[in-house]
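I opened the model today to look up a metal site and a sheet. My notes follow.

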Amino acid sequence: MGNGKDASIPPKEENTRLKKLVCCSKCQVNYKSALFRPCCHLNMCIICAFGLKYCPECNSTIEEIFKVILTPLIQTIVSDNARLKSELYCGKCKVEPSNVLFFPCQHHLLCLDCAKDLEVCCSCSAEIRRTKQTFRS
Ligand SMILES: [Zn+2]
Ligand SMILES: [Zn+2]
Ligand SMILES: [Zn+2]
Ligand SMILES: [Zn+2]
């Protein structure tokens, strides 16, 4: 056992925090995958969001729900913590939270800054015709 007396967040708490950011606010099991339009909140999974009329976050009327495809899981990531982090943070700079949705492929992998000059999706190489900023709470 090491004498880990540093001020870092205990892995378990860190895990809970990450889970909250990445997982659906309702079922807390599935990843957030339903993007509400026009408010662009990304807080629920597509299953829990099904049939929803108003965004639970801001109460705006939901006109459309986009399915968001999150970071493909990297097989080398073993711990739950690392896995959650990979879903939350930008796949390029790994500092900013991922908050851009690509159209039409609907991958959600990068932060606004890293996606700025991108012409093709870094995951599936599809042409990026449009991007949309998303908001996780
Ligand atoms: Zn859910
Ligand atoms: Zn909203
Ligand atoms: Zn980035
Ligand atoms: Zn893509």
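I took as donors the N, O and S atoms within 2.8 Å of the metal (3.2 Å for Na, K and Ca); water is not among the atoms, so sites may look incomplete. This is a predicted model, where local features need pLDDT of at least 70, side-chain atom pairs count only at pLDDT 80 or more, and totals for chains, interfaces and linings use all residues. Residues are numbered from 1 along each chain as its sequence is written, and side-chain values use heavy atoms, without hydrogens and water.

**Zinc site**

I read the donor spacing of the zinc ion (ligand 1) as C-x2-C-x17-C-x2-C. Cys-24, Cys-27, Cys-45 and Cys-48 each coordinate through SG, at 2.2 to 2.3 Å. I then checked the geometry. The 4 donor atoms subtend angles of 101 to 115°, so the arrangement is tetrahedral (for four donors, all angles between 85 and 135 degrees).

Next I placed one pair on the chain. Cys-24 lies in the loop between α1 (11–22) and β1 (34–37), and Cys-48 in helix α2 (residues 46–49), 24 residues apart. Helices (H or I, at least four residues) and strands (E, at least two) are DSSP runs, numbered from the N terminus. I found both Cys-24 and Cys-48 buried, meaning under 20% relative accessible area with a 1.4 Å probe, protein chains only.

**Sheet**

I traced an open sheet of 3 strands, ordered β2-β1-β3, with antiparallel pairing. Two strands pair if DSSP finds at least two bridges between them. β2 (42–44) and β3 (64–67) are the edge strands, each pairing on one side only. Which residue of β3 is the bridge partner of Ala-34? I noted Lys-67. In total, 4 bridges join β1 to β3.

Conventions:
Chains are lettered from A and ligands numbered from 1 in the order in which they are written. Four donors count as tetrahedral if all angles lie between 85 and 135 degrees; four count as square planar and six as octahedral if opposite donors are over 155 degrees apart and all others between 65 and 115; anything else is irregular. Buried means under 20% relative accessible area, exposed over 50%, partly exposed in between (1.4 Å probe, protein chains only).
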